[in-house]
Amino acid sequence: QVQLVESGGGLVQAGGSLRLSCTASGSIISIDIMTWYQQAPGKQRELVAGITSSGSTNYADSVKGRFTISRDNAKKTMYLQMNSLKPEDTGVYYCKGRLRPVGASSVYDYWGQGTQVTVPS
């Protein structure tokens, strides 16, 4: 059974750093784009950053210059290095992976369970 598991969230003071990880497990043929989303309290889930299997990246304007997305294809793991954190970065961070499970003819989107990031004001 395919699943994505995030880790690395926590409570950090403004200006601090965190590193989130998202690891895919199960019978997987390939993983295409992987993406991080933030769901702030009372708001909809929003895209933070994405990365393709070849390493092309994109970022929300609000995190450019502060966050860095990366991945290790051999480990089926994606990372989000979060620096210069601000109170508005508070929320649950979810990873999404577009991947092809063994036996499937198409790719599907899978979501992790989320990890909480809190930056007090």
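How many aromatic pairs does a search of the whole structure find? The search turns up two. Before we look at them, note that this is a predicted model, where local features need pLDDT of at least 70 and side-chain atom pairs count only at pLDDT 80 or more, while totals for chains, interfaces and linings use all residues. Residues are numbered from 1 along each chain as its sequence is written, and side-chain values use heavy atoms, with hydrogens and water left out.

A pair of aromatic rings is described by the distance of the centres and the angle of the planes. Here, rings of Phe, Tyr and Trp (its six-membered ring) pair if their centres lie within 6.5 Å; planes under 30 degrees apart are stacked, over 60 edge-to-face, and the rest tilted.

Take Tyr 37 and Trp 111: their ring centres are 5.0 Å apart and their planes meet at 55°, so this pair is tilted. It links distant parts of the chain, with Tyr 37 in strand β4 (residues 28-39) and Trp 111 in strand β10 (residues 108-111), 74 residues apart. Strands here are DSSP runs (E, at least two residues), numbered from the N terminus.

Trp 111 also pairs with Tyr 94, this time edge-to-face, at 6.5 Å centre to centre and 80° between the planes. Tyr 94 belongs to strand β9 (residues 91-101), 17 residues from Trp 111. Put together, the ring pairs link Tyr 37, Tyr 94 and Trp 111 into a cluster.

Tyr 37, at 14%, is buried, and so is Tyr 94, at 13%. Trp 111, at 37%, is partly exposed.

A charge sits over a ring if NZ of Lys or CZ of Arg is within 6 Å of the ring centre and within 35 degrees of the ring normal. Arg 45 lies over the face of Tyr 94, 3.6 Å from the ring centre. Elsewhere, the charged end of Arg 19 sits over the ring of Tyr 79, 4.0 Å from its centre.

Note on methods:
Helix = DSSP H or I, 4+ residues; strand = E, 2+ residues; numbered from the N terminus. Buried < 20%, exposed > 50% of the residue type's maximum accessible area, 1.4 Å probe, protein only.
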